[in-house]
Amino acid sequence: MFDLSTMGLSELADRLGALPDGLRIALAEKAESMAAALYAQVVDDNLDGGLLNARSGALRASIQVDVQVQDSGVDAEIFSNGDTPYAAILEFGGKTSAHEILPDKARVLSFLMNGKRVFARRIQHPGSNFAPRFYLRSALDDQVDTITNGLRAAVEDVAAGLGESS
């Protein structure tokens with residue numbers, strides 16, 4: 001006959017049961033700090049002359065960070081909130097369709113062409129091609145190793161803490 005007894009089984013169960021919460025908290029804290037660093041690179045570098053020059057600041061103001069902590073894990077997003085219709089075409093590139101431009105605040109349009117002031121009631125714009133500028137993706141590409149190593153370190157710290165409490 002084989003008899004097995006364990007000592008400290010309830011303590012071990014408590015420690016293993018605490019792992020998901022401790023890990024989730026550690027990952028959430030790390031995700032918050034890394035998302036803030038990623039946001040800073042997008043807003044302070046990429047959208048302030050690094051990749052694009054700010055004109056109105058609307059695109060920069062539309063950049064948001066959202067970190068969600070759920071039972072299944074931690075999600076961090078950095079995105080444009082949709083207030084700037086040109087955010088996607090600047091990130092991914094694309095083509096605008098030909099369209100007519102009409103005055104909305106005056107009876108005619110006024111602009112400079114070849115150094116001379118020109119007036120027109122309407123203009124037929126031929127459309128534009130935009131190369132991708134990757135103001136979001138490039139920041140992630142720059143920081144992917146830091147993010148990966150940071151998340152790995154958070155997991156290792158939690159695992160090391162479990163080993164120390166035995």
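1. Arginine 24 is buried at 17% relative accessibility. Buried means under 20% relative accessible area, exposed means over 50%, and partly exposed lies in between (1.4 Å probe, protein chains only). The side chain of arginine 24 meets that of aspartate 21 in a salt bridge, 2.5 Å from N to O. A salt bridge here is a side-chain nitrogen of Lys or Arg within 4 Å of a carboxyl oxygen of Asp or Glu. Aspartate 21 is partly exposed, with a relative accessible area of 43%. Both residues sit in helix H1, three residues apart, so about one helical turn separates them.

2. On provenance: this is a predicted model, in which local features need pLDDT of at least 70 and side-chain atom pairs count only at pLDDT 80 or more, while totals for chains, interfaces and linings use all residues. Residues are numbered from 1 along each chain as its sequence is written, and side-chain values use heavy atoms, with hydrogens and water left out.

3. By the rule above, the count comes to four salt bridges. Another of them joins arginine 60 and aspartate 48 at 3.2 Å, N to O. This pair links distant parts of the chain: arginine 60 is in helix H2 (residues 58-62) and aspartate 48 in helix H1, twelve residues apart. Arginine 60 is partly exposed at 26% relative accessible area. Aspartate 48 is partly exposed too, at 48%.

4. Arginine 122 forms a salt bridge with glutamate 100; their closest N and O atoms are 3.3 Å apart. Here too the pair links distant parts of the chain, 22 residues apart: arginine 122 lies in the loop between S6 and strand S7 (123-125), and glutamate 100 in strand S4 (residues 99-101). Arginine 122 counts as exposed at 54% relative accessibility. Glutamate 100 is partly exposed at 38%.

5. Which residues have the most contacts inside the largest nonpolar core? They are Val42, Leu47, Leu52, Leu59, Ile63 and Tyr135, in a core of 14 residues. Helix H1 (9-50), helix H3 (87-92) and helix H4 (137-164) are the elements giving two or more residues to this core. H1 supplies the largest share, five residues. A nonpolar core is a set of buried Ala, Val, Leu, Ile, Met, Phe, Trp, Tyr and Cys residues joined through side-chain atoms within 4.5 Å.

6. Isoleucine 63 deserves a look. Leaving out residues up to four places away in sequence, isoleucine 63 touches Tyr39, Val42, Val43, Leu47, Ile78, Phe79, Ser80, Tyr135 and Leu136. Contact means heavy atoms within 4.5 Å.

7. Strand S5 (residues 109-113) and strand S6 (residues 116-120) pair in the antiparallel sense over five bridges. Pairing requires at least two DSSP bridges between two strands. Serine 110 stands opposite phenylalanine 119 in S6, and methionine 113 opposite lysine 116. The two strands form a hairpin with two residues between them, and asparagine 114 in the turn has a positive phi of about 55°.

8. Overall, the chain has four helices and eight strands. These are DSSP runs numbered from the N terminus: helices are H or I with at least four residues, strands E with at least two. Along the sequence the pattern reads α-α-β-β-α-β-β-β-β-β-β-α. Of the 166 residues, 22% are buried. Among contacts between residues at least 6 apart in sequence, 63% join residues at least 24 apart.
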